[in-house]
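Hi there,

Here is the structure I promised to pass on to you. Have a look at it first, and then read on for what turned up in it.

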Amino acid sequence: MKRIVESYRRRLATEEGWTLKRGADLCVALCYPNTYEVGMANLGFQAMYELFNRIPEVSCERVFLPDDLEMREYEKSRAPLLSLESQTPVRDFDVLAFSVSFETDYLNMARVLRMSGVPLWSERRTAHDPLVVMGGAASTLNPEPVADFTDVIAVGEGEILAPKLIDLIFEHRDSKEELLLALARVGRGFYVPAFYDVTYNEDGTIESYTPNVSGAPLKVGRAVAAENPKEGSLRRAMRRGETDVANRLRGMDVFAPSSSIWAPEAEMGERFLVEISRGCSQGCRFCWAGYNYWPPRVVPARNILEKAAAWRGRTDKIGLVSTAVCDHPEIGEILQGLRQMDYRISVSSLRLDQISDELLDALVDSGDNQIAVAPETGSDRLRKVINKNLTNDEIVDICGRIFDRGMLTVKLYMMAGLPTEEEEDLQAMVDLVERIKDRMIKAGKRFGRVGKIIPALNGFVPKPNTPFQWEPICEEKELKRRLKWLSKAMSRLPNTEVRIMSARIAHEQALLSLGDRTAAKFIETAERLNGDLRQAMRETGFDHELHTARRRSYAEVLPWEIIDSGMTREFLQQEHERAQIAKSSAPCPSVDQCTRCGVCPTTWLAAAPSGLIQLQSAASI
Ligand code: SF4
């Protein structure tokens with residue numbers, strides 16, 4: 001154990017900005033179920049750490065899955081899992097809060113519980129065990145595979161839920177049962193799985209979810225952080241020119257997630273990361289992040305630049321985190337302000353249809369020589385099916401604008417196994433990569449050098465709460481054949497380097513994102529078998545095909561529908577039907593009074609004020 005403590009203290013010594021509050025009334029162990037390097041690059045995790053530690057009575061410490069070296073020390077010493085800041089056993093904390101972004105970390109969640117000596121199954125915990133909370137993107141995606149491991153699931157955005165959770169914990173310190181009832185009866189944002197009985201049909205599909213305590217909602221609504229346009233206090237004050245009111249409102253605790261700890265050993269550790277907007281209006285039908293953060297919202301440029309200025313002394317590198325960077329109406333002001341601070345700018349992802357010259361110039365000036373874009377597939381027909389409204393000609397033109405600035409290496413995110421995909425669509429992907437490569441070569445002549453085209457091929461995985469939630473994943477052997485064929489054909493192209501995700505990984509991801517509560521036993525076994533999912537399936541008889549390999553009927557109760565994202569089933573079904581006939585749809589307009597997908601009418605009623613402003617209203621800043 002001594003070596004583990006030493007390793008943790010050495011790591012703390014490399015950091016700046018961490019907090020340790022001895023003697024706090026409530027101690028929270030915040031766990032990212034993956035290694036330190038991965039966890040510390042996650043803004044959601046850093047945001048929760050900052051949020052919890054902002055509360056005077058609360059001490060929040062970090063917990064990660066040990067890396068290989070640490071894991072060997074833990075196995076040798078049989079020590080219980082420790083927190084980073086004070087090296088305290090995790091089981092001694094009042095709350096163990098998981099921040100889970102990816103369903104593929106569900107096995108690690110089980111491992112952390114086992115290594116902490118905290119019973120894995122919620123029903124086997126006592127009042128002496130920490131309250132186990134799960135939050136993060138995965139909690140809104142589909143928490144059902146790990147629902148039986150969790151006492152309460154925070155559904156939605158942490159800015160809203162963290163203070164509320166802490167308030168209720170203090171109100172019900174003496175009784176876990178009372179606390180769970182109070183959380184469930186909030187009606188939105190807190191899902192207590194133990195308060196729902198799940199019944200199954202003979203074929204293994206779900207028959208129903210039934211609350212077994214009074215006051216628990218039939219479905220648990222998602223909590224959204226946004227300034228309520230209907231109230232529109234900020235906007236009205238701006239319109240009336242009441243700058244003092246506006247500044248007070250503007251100054252109102254605008255909580256925009258950003259790096260809170262300087263952690264040079266983490267992935268992207270040399271970079272200051274800041275979220276500039278949340279959600280993307282496009283509505284690509286496979287994209288979970290797109291649909292589940294509607295309506296799109298932005299952080300005012302002023303707040304982003306203030307944070308960047310505060311961190312400029314530590315680093316000259318900044319990462320703008322957003323799924324739609326150029327949708328921000330103040331992107332020009334943001335880029336200008338950051339360039340004036342001599343920041344080297346990088347972006348988390350770039351939507352092809354909105355790459356501005358200004359942003360490209362900023363990226364080139366920052367010395368970035370590679371950019372990642374997502375054409376997704378190679379045929380205009382299939383792109384209509386997935387509702388990515390760009391033609392091959394437009395994609396080649398956009399890549400041309402990138403190459404003409406001397407950025408000659410482009411990573412292309414592409415998928416195989418999409419719904420309605422045909423052989424000619426695969427050939428079209430190869431043709432598109434070749435056209436982009438030729439365009440790069442042409443531009444390279446001006447610079448006397450060539451770059452690389454990097455197709456990153458993934459298997460399409462249907463995701464909950466998207467129009468493709470009813471779709472099966474492409475059969476594993478067939479998906480493998482398609483990926484292999486694509487990889488071979490593209491590797492024949494000069495200056496092209498193919499990266500490929502295996503069909504097996506895609507299938508493993510599918511069963512963790514589409515499973516129901518029966519997956520818990522399978523996850524427990526797979527964790528015990530060090531991640532051998534195949535053997536775990538054999539041992540538990542977990543019927544993964546039921547969850548991943550068949551088209552679901554519109555009448556079927558879906559496991560993740562216990563969570564109400566605000567988006568209506570009718571809207572998702574309509575989008576699914578439009579996909580079948582390759583009909584595209586307009587983006588989310590993000591305007592007042594819109595009822596199209598159902599999110600605004602339901603979500604606004606419960607929105608709690610924070611600094612994030614609805615995209616449309618931002619236009620008037
Ligand atoms: S209701 Fe309209 S504005 Fe609101 S998220 Fe849905 S499509 Fe966008």
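A word on naming before anything else: helices (H or I, at least four residues) and strands (E, at least two) are DSSP runs, numbered from the N terminus. Please keep in mind that this is a predicted model.

Let me begin with the chain as a whole. Its secondary structure comes to 25 helices and 20 strands. The radius of gyration is 24 Å, which agrees with the value near 25 Å that a compact globule of 621 residues would have. Along the principal axes, the C-alpha trace spans about 70 × 65 × 55 Å. Of the 621 residues, 60% are buried. If you take the contacts with a separation of 6 or more, 75% of them are between residues 24 or more positions apart.

Now to the backbone, where a few places deserve a visit. Most residues other than glycine have a negative phi, and most peptide bonds are trans. With that in mind, go to Trp 294 and Pro 295: the peptide bond joining them is cis, with omega at about -10°. Pro 295 sits in the loop between α11 (288–291) and β12 (297–298).

For Met 268 the angle is about 55°, and for Asn 465 it is about 60°. Both are in loops: Met 268 lies between α10 (243–250) and β10 (272–275), while Asn 465 is found between β17 (453–459) and α18 (476–491). Asn 465, at 11% relative accessibility, counts as buried, because the cut-off is under 20%.

What is Glu 376 in contact with, leaving aside its neighbours within four places in sequence? The partners are Phe 286, Ile 386, Lys 388, Tyr 413, Met 414, Met 415 and Met 429.

Finally, two helix pairs. Two packed helices are described by the angle between their axes and the distance between the axes.

Take helix α12 (residues 301–311) and helix α13 (residues 331–340): the packing angle is about 20° and the axes are 9 Å apart. That makes α12 roughly parallel to α13, since angles under 35 degrees count as such. The crossing of α12 past α13 is right-handed. On the α12 side, the contact is made by Ala 301, Ile 304, Leu 305 and Ala 308, and on the α13 side by Glu 333, Ile 334, Gly 337 and Leu 338. By type, the residues of this contact are six nonpolar, one polar and one charged.

The other pair is helix α3 (residues 43–54) with helix α7 (residues 158–171), packed at about 35° with axes 10 Å apart. Here, too, you will find a right-handed crossing of α3 and α7. Met 48, Leu 51 and Phe 52 of α3 meet Gly 158, Glu 159, Ala 162 and Ile 166 of α7. The residues of the α3 and α7 contact divide into five nonpolar, one polar and one charged.

Happy browsing, and do write back with any thoughts.

Best wishes

Terms used:
Residues are numbered from 1 along each chain as its sequence is written. This is a predicted model: local features need pLDDT of at least 70, side-chain atom pairs count only at pLDDT 80 or more; totals for chains, interfaces and linings use all residues. Side-chain values use heavy atoms; hydrogens and water are left out. Axes are lines fitted to C-alpha atoms, for helices over the stretch in contact, and angles run from 0 to 180 degrees between N-to-C directions. Angles under 35 degrees count as roughly parallel, over 145 as roughly antiparallel, 65 to 115 as roughly perpendicular and the rest as oblique. A crossing is left-handed if the near helix is turned anticlockwise from the far one by less than a right angle, and right-handed if clockwise. Contact means heavy atoms within 4.5 Å. Ala, Val, Leu, Ile, Met, Phe, Trp, Tyr, Cys and Pro count as nonpolar, Asp, Glu, Lys and Arg as charged, and the others, Gly among them, as polar. The radius of gyration is taken over C-alpha atoms; the globule rule is 2.2 Å times the number of residues to the power 0.38. Buried means under 20% relative accessible area, exposed over 50%, partly exposed in between (1.4 Å probe, protein chains only).
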